[in-house]
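Here are my notes for anyone opening this model for the first time. Have a look at the picture, then read on.

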Amino acid sequence: MAAPQVNQPNPDALIVIGGAGGFIGGALARYFHEKGFQRIRAIDKKPLPEWYQRVPGVECLCLDLSEELNCRHACEDATEVYNLAADMGGMGFIERFRVECLRSVLINTHMIEAAYRAGAERYFFSSSACAYNTELQKDPNVRALKESDAYPAMAERGYGWEKLVSEMFCQEYWYERGMKTAIARFHNVYGPLGTWDGGREKAPAAICRKVIEAKDQGRETIDIWGDGTQTRSFMYIDDCTRGIDMITHCDDLIATPINLGSSELVSINHLVDLAEEIGGAKLRREYQLDKPQGVAGRNSDNTMIKQVLGWEPDTPLREGLAKTYAWIEKQYTDRKAGKRTVI
Ligand code: NAD
């Protein structure tokens with residue numbers, strides 16, 4: 001296999017990251033900082049004290065990126081722009097707040113134009129597996145989704161359609177205007193410093209928290225949304241940041257949506273088994289069939305990423321979940337003690 005063409009910017013390049021007060025954007029700011037980049041501008045609409053992490057030496061701005069002028073300010077002198085900003089959450093959020101999800105189209109629309117006007121060399125967009133045709137995800141024994149499965153389109157209402165439209169913006173900014181764009185379709189990302197409570201959290205964090213709560217409160221039961229047979233794959237955050245970097249800097253992937261996810265398919269029941277094993281608990285499961293549960297099954301087909309980059313996200317779920325569980329447990333005890341935590 002020929003090595004992919006990967007072009008790293010020089011360490012003085014200005015890297016702009018939208019949504020850096022959140023989980024993945026914050027981790028990406030840290031990743032580039034640790035890689036030696038000197039000029040990173042991190043932006044989020046959340047007030048600075050609410051950011052999940054702030055990396056020393058990184059410029060942090062509180063701006064609403066759904067406003068055009070703010071995007072222009074954010075992208076000034078940018079060499080590379082990474083858009084991780086979106087109004088999003090787990091199934092409970094995206095099934096209930098479709099308008100908010102759709103409105104994230106404003107963020108990408110203004111950010112990509114601002115990046116282009118600023119003469120940025122590369123632009124990254126965080127898409128999602130929710131862009132895939134839902135008709136192909138009705139069976140828990142799902143065939144893994146490959147990149148061409150997004151069309152004919154029947155994306156997740158609201159959130160998924162916003163991702164598809166924003167992907168198209170990225171493609172056209174390359175075809176019509178020559179700006180190099182990169183598009184990764186993330187499949188469930190989890191890890192420390194992510195949302196773990198409050199309604200926007202995703203399954204791995206929610207399940208770890210429920211096991212921790214049950215142990216702490218002496219309860220013997222755990223609530224599971226759906227019947228537990230739904231299947232998914234979960235990607236550890238370190239694989240996500242590494243993948244974003246590789247995809248963005250690979251010229252063979254310009255304007256080409258690509259899966260960025262783990263291919264280790266598990267049922268929600270298995271996820272609960274793992275969290276229980278890590279926490280040393282055994283709980284009676286109470287299945288809540290009226291709660292949002294999303295598609296029946298979804299997995300990432302990694303043929304393309306392996307072919308082009310010679311790599312795929314490979315942190316075993318058991319390993320990543322143990323780190324996530326330990327972090328949430330600490331958050332939980334900190335919160336109980338009245339200390340400031342990430343939610
Ligand atoms: P997150 O909610 O932790 O971070 C998103 C951040 O965007 C938040 O801090 C939020 O305040 C910020 N934001 C929202 N609207 C904004 C605005 N108008 N201006 C500025 N900032 C704004 O979510 P995340 O998990 O880090 O997700 C990052 C990206 O990855 C999103 O585009 C999301 O759709 C995508 N994605 C995430 C997952 C996942 O499993 N976490 C899966 C698929 C796709």
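1. Start with the aromatic cluster. Tyr-31, Phe-32, Phe-37, Tyr-82, Phe-124 and Phe-186 form one such cluster. Rings of Phe, Tyr and Trp (its six-membered ring) are paired here if their centres lie within 6.5 Å; planes under 30 degrees apart count as stacked, over 60 as edge-to-face and the rest as tilted.

2. Before going further, a word on the source. This is a predicted model, where local features need pLDDT of at least 70 and side-chain atom pairs count only at pLDDT 80 or more, while totals for chains, interfaces and linings use all residues. Side-chain values use heavy atoms, with hydrogens and water left out, and residues are numbered from 1 along each chain as its sequence is written.

3. How many aromatic pairs does a search of the whole structure find? It finds eight. One of them joins Phe-32 and Tyr-82, a tilted pair with 5.2 Å centre to centre and 50 degrees between the planes. This pair links distant parts of the chain, 50 residues apart: Phe-32 belongs to helix α1 (residues 23-34) and Tyr-82 to strand β4 (residues 80-83). Helices (H or I, at least four residues) and strands (E, at least two) are DSSP runs, numbered from the N terminus.

4. The cut-offs are under 20% relative accessible area for buried, over 50% for exposed and in between for partly exposed (1.4 Å probe, protein chains only).

5. Next, look at Phe-93 and Phe-97. Their ring centres are 5.0 Å apart and their planes are at 40 degrees, so this pair is tilted. Phe-93 is buried at 7% relative accessible area, whereas Phe-97 counts as partly exposed because its relative accessibility is 26%.

6. Charges also turn up over rings. The charged end of Lys-46 sits over the ring of Tyr-52, 3.9 Å from its centre, and Arg-177 lies over the face of Tyr-116, at 4.9 Å from the ring centre. The test is that NZ of Lys or CZ of Arg is within 6 Å of the ring centre and within 35 degrees of the ring normal.

7. Now the strands. Five of the six residues of β2 are buried. Strand β1 (residues 14-18) runs parallel to β2, with five bridges between them, and Leu-14 has Arg-39 as its bridge partner in β2. From β1 the chain goes through α1 to β2 in a right-handed β-α-β crossover (with the strands pointing away from the viewer, the path from the first strand over the helix to the second runs clockwise). On to β3: four bridges join β2 to this parallel strand, and Asp-44 is partnered there by Cys-62. Strands pair if DSSP finds at least two bridges between them.

8. Gln-53 is worth a click. This residue lies in the loop between β2 (39-44) and β3 (59-62) and is buried at 10% relative accessibility. Beyond its neighbours within four places in sequence, Gln-53 is in contact (heavy atoms within 4.5 Å) with Ala-20, Gly-26, Ala-27, Arg-30 and Leu-193.

9. Pro-9 is buried, with 13% relative accessible area. Not counting residues up to four places away in sequence, Pro-9 touches Phe-37, Glu-80 and His-249.
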